[in-house]
Amino acid sequence: MTGTIMQPGVKALEHEIECRLDVGERFAGLFATRPTRTAPLTLSAHLATPGGIDTLEASLPPGAESYPALTPRLGAAFWYEREIHDTFGVVPEGHPRLAPLVRPGSPETPGDRALPRHVTGYGMFTIPHGPVRSGVLESIEYLVETPGEAIPHLNMRVFYKHRGVQNRFAGMTPADAVLLAERTEGIASVAHALAFSHAVEQIAGCEPPATAQLIRVLHAELERIANHLDVAVRLADAAGLAVATARLALHKERVVRLVSRLCGSRFGRGVVVPGGIRAAPLLPPAQLRAELDRLAKPIADDAAALMATSSFLDRLRGTGPLTPERAREHGALGPIGKAAGFADDARPARPYDAYRALAVPPAKPHVAGDALARLRVRWEEVDQSFRLLRQVADDLSERAPDLYSVTCEPVSGRAVGWSEAPQGEVLYDVSLAAGHITRCHPRSASFHNLVLMHEVFAGDILTDFPFIEASFGLSVAGVAL
């Protein structure tokens, strides 16, 4: 269940958030809305509870151009308040740095092109890395401040990827909007479609059929395996391990081809709809189970070979460490949080669809928080995903033909839906009126986690950069919506 609680002001909102964090809830996001140009701005904060996602809100006074920033006492709000400033121009007073985040701001004048500097000293200079780089990589610019090898500070410019996705939801029906949700962050298409659909289903009060819930889990776990294999490919490539890179890329290709054979899309698009799924899988359960068995062992064998390669482990061990204290303070999501000892996986913590019946074991304890720990978490999740997929295939084989969706046509209301993407928790805050979306705010795990890359370079050098970036396994598209 989720709920919305209105606070009398920003200070009361901040106090309530702090009280809830003290009792073990997790800060899950912050955004702002303004229905009309003259309406007051409303701040909405999401908090993850054992039973769902709660929303705390506070409205600014009419005509207010600023408010007391939350970031000085709630560090995880750092990027969220920059996004609010970019979007609405309202200033969070006391924010440590209001540089543009998702929008580039005003055009530079010829005399205003100097790169920002955060570290001074003899021999310090800034390397602009991106937004166009070699290889098939997303548009992001890293500003690396360095005296030559060490990286005392890293800044990121993600606005090159901004597409205005959030605004495009307005006016769409849920049936059309789920197609946009799938394209919000391509590598997590299924997870975004699930989170959006869960919000719509809460508003409508509908429950997808049991068979549809199993098939949703099927595609979510295949998406997880493909993403984790992609991270392993990038890490092996960064280490110059040509054979490992080729083998792992082959496994990923076989996984996405299986997804395509199941639904016609390598990204699993067109499967999840509000109320269930669009159609039955194109492969019968027995053939699906056989395909899973053919995939699992070679992947496990090559993962074991990679993790026994000392030259590879040496590059990851101690690289880009995130401390357990910082992971807990920020509420780090997915493998990044689990690798640093903080696990809040929505599948067991706030179960949805068939995860309510399937046994999702708790994450194994890790505390190193480095690139090696993040990869180990991913291999553990791959193994876990195959176990879940076998359960799904076996359950499907025992079921008689069933409905794949129910009517889900909500008229008005608001709800927050969630799912566990390969990168971590995805949230969708959806409002409907007269059967059409009035506002939809997606929050990806990539947005919540990528800011932590600022902090993990202490003690590392330039040649560690590709390992740290790959080990985070995040998407710029999920940040600059």
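1. Helices (H or I, at least four residues) and strands (E, at least two) are DSSP runs, numbered from the N terminus. The model is predicted, so that local features need pLDDT of at least 70 and side-chain atom pairs count only at pLDDT 80 or more, while totals for chains, interfaces and linings use all residues. Residues are numbered from 1 along each chain as its sequence is written, and side-chain values use heavy atoms, with hydrogens and water left out.

2. On the largest pocket: a pocket is, on a 1 Å grid over the protein atoms alone, an open set of points with protein on both sides within 12 Å along at least five of seven lines, whereas a cavity is a set where a 1.4 Å probe fits but cannot get out, and lining residues have an atom within 4 Å of a point. The largest pocket holds about 1,300 Å³ of space, and among its 50 lining residues Val-136, Ile-187, Asp-230, Arg-234 and Lys-252 are the closest to its centre. Helix H6 (210–238), H7 and helix H15 (465–472) each contribute at least two lining residues, with H6 giving the largest share, 12 residues.

3. On the second largest pocket: its space comes to about 490 Å³, and of the 24 residues that line it, Ala-32, Thr-87, Phe-88, Gln-166 and Asn-167 lie nearest its centre. This pocket lies between domain 1 (2–93) and domain 2 (167–448), because both give residues to its lining; the domain bounds come from an automatic or database domain assignment.

4. On the cavity: the structure holds 1 cavity of 30 Å³ or more, and the largest cavity has a volume of about 50 Å³. Its lining includes Tyr-80, Glu-83, His-441 and Phe-447, and the largest share of that lining, 3 residues, comes from E14.

5. Cys-440 is in no disulfide, and the nearest cysteine sulfur, that of Cys-408, is 14 Å away. Buried means under 20% relative accessible area and exposed over 50%, with partly exposed in between (1.4 Å probe, protein chains only). Cys-440 counts as buried because its relative accessibility is 2%, and Cys-408 is likewise buried, with a relative accessible area of 11%.

6. Ala-242, by contrast, belongs to helix H7 (residues 242–263) and counts as exposed because its relative accessibility is 59%. Ala-242 and Ala-181 are 61 residues apart in sequence and 36 Å apart in space, C-alpha to C-alpha.

Notes. Disulfide = S-S within 2.5 Å. Points joined across faces, edges and corners; volume = space filled by probe spheres on them.
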